[in-house]
Amino acid sequence: MAEKKYDVLALGELLIDFTENAVSSQGNPMFEANPGGAPCNVLAMLNKLGKKTSFMGKVGRDQFGVMLKSVLEELGIGTEALYMDEEVRTTLAFVHTAEDGDRDFAFYRNPGADMMLDVSEVREDLIRDTRIFHFGTLSMTHAGVREATKKGLRIARENGIIVSFDPNLRPPLWKSLDEAKEQIVFGLGQCDILKISDDEVLFVSGCATVEEGVNWIREHYGNIRLLLATMGKAGSYAFYGSQKVMAAPFLNPATIETTGAGDTFCACILNYVLEHGLDGLTKEDLKAMLTFANGASSLITTRRGALKVMPERAEVEAYIAGR
């Protein structure tokens, strides 16, 4: 790949995840304000792996927006295209964690600042100067930010930039699931790399099994060169050309919550592509890619939040070696 200023530029949401952390003396749940948002979680892990990243999106000019910008700067994530809305507040998400670590989300986003990114604010110069352009569907839920996302994609495609897509479906944020499906389908047609969960495979394909769903996606979207399917406690799969590779999960009894696990996994996949390219990957390559990604995503489930607590490369390698 040609030398660029950034390895990965992500467009999308940057928000506060309020995660349950304790119970007060009165028996009320206490929430911790964790910086979050799937695209920036991906960037944070990539930075831990030594990559150069930048973020394109919008927060409110309020205490949370100021905090989020400061965190990105602290982590070394580029903020040239992080805008601050003067009128709309930073988006908030309250995360309820079940006993097994799974989550339910309640969003305060009607509107939220991340929805307010405008077409005119999409920085063509930054997109042209990155190796991978990454996006999800939270920047596709409303018309204005949807057009901004599509402009970013057009610029990336026209300039031969690798496009990475993680649907990251959050049903409460959509007017209807039909609209969500329509935008996921659009994203499938734009990407070179797809990271998708088992539930999302079934949702978008309408198939009865994940295997049938993956086959449906690959049959209809030949542009996807590398497809990664995450299966939760069942591990993950990589589909590349005629090859299908599975890697077992690293189940951890110290798991607290799964926030950021998929984003951590996605970052590790992108890191592998940055270091090895997208051409000529072998089964051994795919296995190594998945194993590292599974290990890193397992580690993040033992921590609250994600963006500020991503593991180091050596930490992931030691964790895998010790299992």
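Colleague: Which hand is the crossing where α8 passes α9?

Modeller: Right-handed. A crossing is left-handed if the near helix is turned anticlockwise from the far one by less than a right angle, and right-handed if clockwise. Bear in mind that this is a predicted model: local features need pLDDT of at least 70, side-chain atom pairs count only at pLDDT 80 or more, and totals for chains, interfaces and linings use all residues. Residues are numbered from 1 along each chain as its sequence is written, and side-chain values use heavy atoms, with hydrogens and water left out.

Colleague: What angle do the axes of α8 and α9 cross at?

Modeller: Roughly 145°, and the axes come within 8 Å. Axes are lines fitted to C-alpha atoms, for helices over the stretch in contact, and angles run from 0 to 180 degrees between N-to-C directions. Helices (H or I, at least four residues) and strands (E, at least two) are DSSP runs, numbered from the N terminus.

Colleague: Which residues in α8 meet α9?

Modeller: Among them are Phe-265, Ile-269 and Tyr-272. On the α9 side, the list includes Met-289, Leu-290 and Phe-292. Contact means heavy atoms within 4.5 Å. The residues of this contact divide into 12 nonpolar, 3 polar and 1 charged. Ala, Val, Leu, Ile, Met, Phe, Trp, Tyr, Cys and Pro count as nonpolar, Asp, Glu, Lys and Arg as charged, and the others, Gly among them, as polar.

Colleague: Switching to charges. How many salt bridges in the whole structure?

Modeller: The search finds 16 (a side-chain nitrogen of Lys or Arg within 4 Å of a carboxyl oxygen of Asp or Glu).

Colleague: What does Arg-225 pair with?

Modeller: Asp-279, with the closest N and O atoms 2.4 Å apart. Arg-225 lies in the loop between α7 (210-220) and β11 (226-230), and Asp-279 in the loop between α8 (261-276) and α9 (283-300), so the pair ties together parts 54 residues apart in sequence.

Colleague: Is Asp-279 buried or exposed?

Modeller: Exposed, at 59% relative accessibility. Arg-225 is partly exposed at 35%. Buried means under 20% relative accessible area, exposed over 50%, partly exposed in between (1.4 Å probe, protein chains only).

Colleague: And Glu-179, what does that meet?

Modeller: Arg-146, in a salt bridge at 2.7 Å, N to O. Glu-179 lies in helix α5 (residues 177-188) and Arg-146 in helix α4 (residues 143-158), so this pair ties together parts 33 residues apart in sequence. Glu-179 and Arg-146 are both buried.

Colleague: Which residues are linked in a network of salt bridges?

Modeller: Lys-51, Glu-275 and Arg-313.
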